[in-house]
Amino acid sequence: AKYSDELAQLSAKGFDMPVRSIRLLNKFGGDVDIVAARLAQVQAQQQRKADMQARKAAMRAQKQAAKQGSTDSEPQAEAEKKAAVKVPAKLEGAAAKYSDELAQLSAKGFDMPVRSIRLLNKFGGDVDKVAARLAQVYAQQQRKAD
């Protein structure tokens with residue numbers, strides 16, 4: 001496949017975001033160094049955003065708890081609840097079961113929570129298998145878009 005060597009190089013450098021990688025490789029003519037620099041920027045932005053969201057959720061939960069005079073464990077539970085991904089009711093149990101795996105997939109650039117949950121169920125929580133399947137899905141979508 002196009003850019004398979006470049007994707008392997010990026011993966012070896014710790015960038016397991018195939019969809020973004022392919023887009024950037026297309027944009028920059030396959031230049032791995034430029035793409036790696038851009039992916040590092042994306043990862044840093046994602047981390048800052050996630051940290052900020054977690055702080056805001058914790059602050060909201062603490063304010064709510066202070067208003068209600070609740071215990072210390074309630075603000076944390078409220079923050080976790082607000083940080084949860086919206087999924088159909090029938091998948092909520094699986095979303096909770098695979099919350100760590102969903103976070104790993106999201107960090108790799110796979111932001112399809114419903115499909116991810118279904119694949120995690122299918123592959124018994126194997127993040128690598130799910131990531132490989134989602135990469136195929138993204139590649140198919142990219143080909144259709146081109």
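Trainee: Where does Val 35 lie?

Mentor: Val 35 lies in helix H3. Helices here are DSSP runs of H or I with at least four residues, numbered from the N terminus. Please note that this is a predicted model, in which local features need pLDDT of at least 70, side-chain atom pairs count only at pLDDT 80 or more, and totals for chains, interfaces and linings use all residues. Residues are numbered from 1 along each chain as its sequence is written, and side-chain values use heavy atoms, with hydrogens and water left out.

Trainee: Is Val 35 buried or exposed?

Mentor: Val 35 is buried, with a relative accessible area of 0%. Buried means under 20% relative accessible area, exposed means over 50%, and partly exposed is in between, for a 1.4 Å probe and protein chains only.

Trainee: Which residues is Val 35 in contact with, leaving aside neighbours within four places in sequence?

Mentor: Val 35 is then in contact with Leu 10, Ser 21, Leu 24, Leu 25 and Phe 28; contact means heavy atoms within 4.5 Å.

Trainee: Turning to helix H2, which of its residues are buried?

Mentor: Helix H2 spans residues 18-27, and its buried residues are Pro 18, Val 19, Ser 21, Leu 24 and Leu 25. They pack against helix H1 (4-12), helix H3 (32-68) and helix H8 (127-145).

Trainee: What comes just after H2?

Mentor: Gly 29 does, and this residue takes a positive phi of about 60°.

Trainee: Which residues of helix H7 are buried?

Mentor: In H7, residues 113-122, the buried ones are Ser 116, Ile 117, Leu 119 and Leu 120. They are on the same side of H7 because they cover an arc of only 165° around the axis. That arc is taken from the directions from the helix axis to the C-beta atoms.

Trainee: What do they pack against?

Mentor: The buried residues of H7 pack against helix H5 (92-97), helix H6 (99-107) and H8. H7 is followed by Gly 124, whose phi is positive, near 60°.

Trainee: A change of topic: how many salt bridges does the structure hold?

Mentor: The structure holds 2 salt bridges, the term meaning a side-chain nitrogen of Lys or Arg within 4 Å of a carboxyl oxygen of Asp or Glu. In one of them, the side chains of Asp 33 and Lys 13 meet at 3.4 Å, N to O. This pair links distant parts of the chain, 20 residues apart, with Asp 33 in helix H3 and Lys 13 in the loop between H1 and H2.

Trainee: Is Asp 33 buried or exposed?

Mentor: Asp 33 counts as exposed, at 55% relative accessibility. Lys 13, at 44%, counts as partly exposed.

Trainee: Which residue forms a salt bridge with Asp 128?

Mentor: Lys 108 does, with the closest N and O atoms 3.8 Å apart. Lys 108 is in the loop between H6 and H7, whereas Asp 128 is in helix H8. Asp 128 is exposed, with a relative accessible area of 56%.

Methods: Helices (H or I, at least four residues) and strands (E, at least two) are DSSP runs, numbered from the N terminus.
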